[in-house]
Amino acid sequence: MKKTTRYGGLGGAFFLALGLATVPGNASADPIEDFTTQPHPADTFASGWSYFPSNEIHIPQGGTFKFGNYDVVQGIPSHSIDEYIPGCTAPPYKPGAGKDCPPTRFSSGLVDWMQVKQVNGTEKLPKGRYEFVCQVHPSMRGTLVVE
């Protein structure tokens with residue numbers, strides 16, 4: 001019996017959008033999982049209003065990484081990874097947030113569909129854990145771990 005996953009339709013739509021004829025790996029494997037093991041220019045990416053392969057990204061101190069927007073829903077033109085600053089970079093916004101908010105320490109800026117950008121500023125971060133958010137979809141959140 002073939003294994004059914006909640007990502008089946010999303011993965012299939014993604015591979016069709018790219019024009020890929022075959023999906024590598026076992027036919028019962030999760031297509032999103034298969035995709036994350038394939039070579040691509042991004043270290044992490046957005047797809048289906050989530051970060052993949054994980055919402056926790058590990059980099060060495062002084063390191064950088066690339067973020068790609070491979071969202072299978074082409075109607076979503078942009079995603080981002082920006083440092084999460086409560087009340088400033090994601091709702092609920094505090095009154096006057098624009099003038100009282102510090103600049104983010106790291107950001108990918110908006111990344112259009114099928115584009116990849118360097119996340120700037122991570123090379124300056126001390127070791128620690130930093131929350132991040134998508135500026136377009138504030139429910140998309142994750143953690144950057146600088147080791």
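How many aromatic pairs does the structure contain under the ring-pair rule? The count comes to five aromatic pairs, where rings of Phe, Tyr and Trp (its six-membered ring) pair if their centres lie within 6.5 Å, and where planes under 30 degrees apart count as stacked, over 60 as edge-to-face and the rest as tilted. The model is predicted, so that local features need pLDDT of at least 70 and side-chain atom pairs count only at pLDDT 80 or more, while totals for chains, interfaces and linings use all residues. Residues are numbered from 1 along each chain as its sequence is written, and side-chain values use heavy atoms, with hydrogens and water left out.

Among the aromatic pairs is that of Phe-45 and Phe-52, which is stacked because the ring centres lie 5.8 Å apart and the planes meet at 25°. Phe-45 and Phe-52 are both buried, the term buried standing for under 20% relative accessible area, exposed for over 50% and partly exposed for values in between (1.4 Å probe, protein chains only). Phe-45 also pairs with Tyr-70 in a tilted arrangement, with 5.1 Å from centre to centre and 40° between the planes. This second pair links distant parts of the chain, since Phe-45 belongs to strand β1 and Tyr-70 to the loop between β4 (66–69) and β5 (78–79), 25 residues apart. Tyr-70, like Phe-45, is buried. Through these ring pairs, Phe-45, Phe-52 and Tyr-70 are linked into a cluster.

Secondary structure was assigned from DSSP runs, helices (H or I) having at least four residues and strands (E) at least two, with numbering from the N terminus. Two strands are taken to pair if DSSP finds at least two bridges between them. On this basis, four strands form an open sheet of mixed pairing in the order β2-β1-β4-β8. Its edge strands are β2 (50–52) and β8 (116–118), each of which pairs on one side only. The twist from one strand to the next averages 25°, with axes taken as lines fitted to C-alpha atoms (for helices over the stretch in contact) and angles running from 0 to 180 degrees between N-to-C directions. Within this sheet, β1 (residues 44–47) and β2 are antiparallel and share three bridges. Ser-47 stands opposite Ser-50 of β2.

Pro-53 is located in the loop between β2 and β3. Met-114 lies in the loop between β7 and β8, and its relative accessibility of 28% makes the residue partly exposed.

A further open sheet of four strands, also with mixed pairing, has the order β3-β10-β9-β6. Strands β3 (56–59) and β6 stand at its edges with a single partner strand each, so one side of each is left without a neighbour in the sheet. Strand β6 runs antiparallel to β9 (residues 128–133), to which two bridges join it. Glu-83 stands opposite Phe-132 of β9. Strands β9 and β10 (residues 141–146) are likewise antiparallel, with six bridges, and Tyr-130 is placed opposite Leu-144 of β10.

Strand β10 also contains Thr-143, which is buried at a relative accessible area of 17%. When residues up to four places away in sequence are not counted, Thr-143 touches Asn-55, Glu-56, Ile-57, Arg-129, Tyr-130, Glu-131 and Phe-132, a contact being defined by heavy atoms within 4.5 Å.

The structure holds one disulfide, identified as a pair of cysteine sulfur atoms within 2.5 Å. This bond is formed by Cys-88 and Cys-101, with their sulfur atoms 2.0 Å apart. The link of Cys-88 and Cys-101 is left-handed, with -85° about the S-S bond. The pair connects distant parts of the chain: Cys-88 is in the loop between β6 (82–83) and α3 (97–100), and Cys-101 is in the loop between α3 and β7 (111–112), 13 residues apart. Cys-88 is buried at 16% relative accessibility, whereas Cys-101 is partly exposed at 21%. Cys-134 has 0% relative accessibility and therefore counts as buried.
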